[in-house]
Each structure stands twice: as structure tokens, then as C-alpha cells.
Amino acid sequence: MTAPPLRSQAATLSYDKRVIVEDLTFDIPAGSFTAIIGPNACGKSTLLRAMAGLLAPAAGQMILDGKGIASLAPREIAQRLGLLPQTAIAPEGITVAELVARGRYVHQRLLRQWSAEDRQAVDDALRLTNVTELADRRVEHLSGGQRQRVWIAMVLAQQTPLILLDEPTTYLDIAHQMDVLNLLHELNAAGRTIVAVLHDLNHAARYASHIIAMKAGKVLAAGSPAQVITAATVSAVFGLETEVIPDPVTGNPMVVPHDTRA
Ligand SMILES: Nc1ncnc2c1ncn2[C@@H]1O[C@H](COP(=O)(O)OP(=O)(O)OP(=O)(O)O)[C@@H](O)[C@H]1O
Ligand SMILES: [Mg+2]
């Protein structure tokens, strides 16, 4: 078995004194498409920030490629993983092409000019996320869905082996949701490890190879979609009664909530 690229080792995460995630241990399997699911405010974004080295654990540690993430320079981290935060704010006036080009900064060296390779990476990222036509537009003038795809392009331009995305399909219409998930699937098939926070359990069940279900800062279940997406687990995690039936298109588990209308 290949070593996990990322491991949370007894990590406790807190803001000031308030503990959000306590003593959390799990691996992101190498080459997986891992989905993190769980109710609002259970600590998913907090966990992703810590996994990206942006939040130092109060206890325990995050281990990236076998090394404590705190021991790595920001540049070393950024060459290994890219993060799409849940809410990203673009600098005022920046164009799409300029923002996506920022994904290349981690590859720049002092005295090294912008290269053909950088140009290619940006062009590929714009094309893969279907935003090439928006290249000269200001990011602040885009629709929510267009902006979301531009941020994904920036992370892709970084060309890291590990990609963390916090709710990458928010703001997207159903067709663009599928486009983004299919793109992540292709990147995963080509060898990248993908970790995505997803609220849509049916997306997680269809696309992920590994699912981590969180509740109140703890992992309640982890494993394949068939292991995690069950009526019992959905009830334990979300307090919602559902039927889990085979997705008529793919056969993966599909969650259908009970009718709870009064
Ligand atoms: N910067 C911060 N300072 C203090 N508390 C925070 C901060 N960010 C998040 N929290 C709190 O930590 C808890 C977990 O938040 P987090 O954003 O990790 O949840 P989440 O699982 O991503 O939720 P959602 O599904 O709504 O995005 C919440 O109670 C939130 O209010
Ligand atoms: Mg969140």
C-alpha cells in the first residue's frame, strides 16, 4: 500500500479556547477521491484549513507526505497541495487570467521569468474549467457560478498532486455541478488525490472512492460509499430518516429523505 499523502494524527483544532475538532485520527488514502460529509458547523472547513497547514492544531498534527506539516515551508506545502476555500475573496480589480496565474506563484523562483510551462498551466486550467472566454473579465463582475469555476481553475493551475476543495459545487447549476465533479474524477483518474467537502450525499456516493462522515468534530464513519452511505449512518450523522436505494443510473447508494412535511 502506498503511504497516505495526508494523515490527521490525534489532531485537536480550536479557535481561541473553543475546541471544534478533538483528537481526530484518519488517513486520506493515496490516489483516492475522498469526500468529507457532515452537518453545518461540524468542523469540515476547520479540518480542511488544518490539513492545508493554515490552522495549527492545538494538539496532535497533520502529516503531509510523511512530515509534520508545521515543519514544512509554506512554499513546500503549496507545491504539494492546493486548497479551494469555502469562501475565497479576490483582490479588487483582478482579472480572471491574473487570478488563475496566481496559482503559478508557488512554482516561481527568484530571478526565474514567467515560462511557457506557466502559460500552458494557466491555459489548461482555464480550458478545463470552461472559463477561457472570461479570461479578461474582472472576477468581481462574474456570476457566483462563474467565479466558483475561476477559483477551481486557480487551484488547478497550481498543478499539485493533492487537491483540497471546500464545497466546490456551491453556486453551480446542475450541469456545471456535473462538469466540476467529472473534472475532479478525471484528475483523480490521472493520479491526483482529491479531497472535497460535499453537502450532496448523492454526489459523494457517486464520485468518491472514500467517504469520511463527521459530526460535532468527530469521525462517525469512514470507508467506501457502500459502507458509509446507509440509512443508519445518515440518521446518526444528520438526524434525518431516509431511504437508501440504488441510484437508477449508476447503482451507487442514493439517499431519498422521508417525507417530513407536516
Ligand atoms: N475563524 C473562526 N473563529 C471562531 N470560530 C470559528 C471560526 N471559523 C469557524 N468557527 C466555528 O467553528 C465551528 C465549525 O465551523 P466550520 O466552518 O469548520 O464548519 P463546517 O462543518 O465547515 O460548516 P458548513 O457546512 O456550514 O460550512 C462553527 O461553530 C463555527 O462557528
Ligand atoms: Mg464549511
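Let's start where β6 meets strand β7 (residues 162-166): the two run parallel and are joined by four bridges. One of the residues involved is Leu83, whose bridge partner in β7 is Leu164. A word on terms: helices (H or I, at least four residues) and strands (E, at least two) are DSSP runs, numbered from the N terminus, and two strands pair if DSSP finds at least two bridges between them. Keep in mind that this is a predicted model, where local features need pLDDT of at least 70, side-chain atom pairs count only at pLDDT 80 or more, and totals for chains, interfaces and linings use all residues. Residues are numbered from 1 along each chain as its sequence is written, chains are lettered from A and ligands numbered from 1 in the order in which they are written, and side-chain values use heavy atoms, leaving out hydrogens and water.

Now step back to the sheet. Six strands make up an open sheet with mixed pairing, in the order β6-β7-β8-β3-β9-β10. At its edges sit β6 (81-84) and β10 (218-223), each of which pairs on one side only. On average, neighbouring strands here are turned by 15° against each other, direction ignored. Helix α5 (residues 144-157) packs on this sheet, touching β6 and β7, and its direction makes about 170° with that of β6. Helix α9 (residues 231-238) also packs on the sheet, but touches β9 (210-215) and β10, at about 35° to the direction of β9. Contact means heavy atoms within 4.5 Å; axes are lines fitted to C-alpha atoms, for helices over the stretch in contact, and angles run from 0 to 180 degrees between N-to-C directions.

Next, the metal. Which protein atoms are the donors of the magnesium ion (ligand 2)? They are OG of Ser45 and OE1 of Gln86, lying 2.0 Å from the ion. Ser45 belongs to helix α1 (residues 44-51) and Gln86 to the loop between β6 and α3 (96-101), so the pair ties together parts 41 residues apart in sequence. Donors are N, O and S atoms within 2.8 Å of the metal (3.2 Å for Na, K and Ca); water is not among the atoms, so sites may look incomplete. Ser45 is buried, at 15% relative accessible area, while Gln86 is partly exposed at 38%. Buried means under 20% relative accessible area, exposed over 50%, and partly exposed in between (1.4 Å probe, protein chains only).

Finally, the whole chain: it has nine helices and twelve strands, and buried residues make up 47% of its 262 residues.
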